[in-house]
Amino acid sequence: MKHESGSIKRQSTLQVVHRHGPCSQDKPTTAPPLSEILADDQSRVKSIQARLNPTSNTNQLKPNKGKFIDRKANLPAQSGSSLSSGNYIVSVGLGTPKKALSLIFDTGSDLTWTQCQPCVGSCYQQRDPIFNPSSSTSYSNVSCSSSQCAQLSSATGNDPQCSSTTCVYGIQYGDQSFSVGFLSKDTLSLSATDVFPNFVFGCGQNNQGLFGKTAGLLGLGRDPLSIVSQTARKYGKYFSYCLPSKSSSTGHLTLGKGGASTNVKFTPFASSQGTSFYFIKIIKISVGGQDLPISQTVFDTAGSIIDSGTVITRLPPGAYSALSTAFQQQMKKYPSAPAYSILDTCYDFSNYTTITIPTVSFTFGGNVKIDLEATGTLVAVSSTQACLAFAGNGDDTDVGIFGNIQQQKLEVVYDVAGGKLGFGAGGCN
């Protein structure tokens, strides 16, 4: 606990690691090939865009429908893949006595869930022992008539079902991943002192898909069922994270304010369009100090969100082509290489020991300018080749997504109550 200006500020920090990195407990596992990560990424992007644009042809899901005590909780964050991409995981405690669970943390979803015994449908293989509700003295089911059950429609995009009197949730991600089970309550422990009784979560009885060997997912969206809303009394709807750029490094996920870095610049959240996503306004992109000739309407047609679970930033087609063209002009001296999966601006560096790349910068609403790290600009696809780590959307009506490769090493601050997003340099130090 820190004493600052006479008030006690509480925070809880979790360590964040790459899902397939050496710090992950997902072992023994090798990182999937980048092509697989990018294919999974494309599935996620289509799923998000379908939720935000119900008329889109990719839509397989229904569309979504006091004074805070200044406290803070810190969780160490680890990274999900030795390719400096993929999902990021944190470890939390659930139940009494508490059981440790490694969960993917995701700003693009709301409901927190974990696989549960007896896995009536099916459970995929996870590293932690699967949570057994019957061995927790604080576990209870949520009834069909409860307000929390009614909130599932907005939190998951699917209407709740009922099994006798117990509320049943169903949530779907990307093309193949889903979790279905009982809506439940139990004690969530983020640290020895940060404990939340009656935390509402999904106890998954039928789970399949792209979750690796993690135990489930921690939902950091803005819906009433998200962990951000459920812990609001303690942390005031405020959290921050830093995603490490190397799989061997760790970052953090911090709930609450506490000793937030002073060099953070804030941009207002844009219209949320009634969803749980975090919308931000892109004003301009520059390459090597030169602003790209992109009209504001290009960025504003579908808008953009920031998402911890999407790897590669997606831009409107016109914005992406301007970025790719300018980047190629400033990288003329390096030989080009064939496209790789969704990445089409690629280079062959086999004859170079050092390379110089132009700085790519984003300016967000409120004139907040962020220079991306080199690791957030090029992604290595082999030992000698790398590609520009951006992709164009198929259509102007598809939402833009500021992905996690571009967020690496930045302190990213979500002041949800204050309606603003902050960026600061050197967040993983």
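A: A residue is called buried when its relative accessible area is under 20%, exposed when that area is over 50%, and partly exposed in between, with a 1.4 Å probe and protein chains only. The model is a predicted one, in which local features need pLDDT of at least 70 and side-chain atom pairs count only at pLDDT 80 or more, while totals for chains, interfaces and linings use all residues. Residues are numbered from 1 along each chain as its sequence is written, and side-chain values use heavy atoms, with hydrogens and water left out.

A disulfide is taken to be a pair of cysteine sulfur atoms within 2.5 Å. By this rule the structure has five disulfides. Three of them are described here, one after another.

Cys 119 and Cys 123 are joined with an S to S distance of 2.0 Å. The torsion about their S-S bond is about -90°, and the disulfide is therefore left-handed. Cys 119 counts as buried because its relative accessibility is 17%, whereas Cys 123, at 24%, counts as partly exposed.

A disulfide also joins Cys 144 to Cys 162, with 1.7 Å from S to S. This link is right-handed, with 120° about the S-S bond. It connects distant parts of the chain, 18 residues apart: Cys 144 is in the loop between β8 (140-141) and α2 (147-150), and Cys 162 is in strand β9 (residues 161-163). Helices (H or I, at least four residues) and strands (E, at least two) are DSSP runs, numbered from the N terminus. Cys 144 has a relative accessible area of 24% and is partly exposed. Cys 162 is likewise partly exposed, at 48% relative accessibility.

The sulfur atoms of Cys 149 and Cys 167 lie 2.1 Å apart and form a disulfide. The torsion about this S-S bond is about 85°, so the disulfide is right-handed. Because Cys 149 lies in helix α2 and Cys 167 in strand β10 (residues 166-173), the pair ties together parts that are 18 residues apart in sequence. Cys 149 counts as buried, at 3% relative accessibility, and Cys 167 counts as buried at 0%.

In terms of handedness, the link of Cys 119 and Cys 123 is left-handed, while that of Cys 144 and Cys 162 is right-handed, as is that of Cys 149 and Cys 167.
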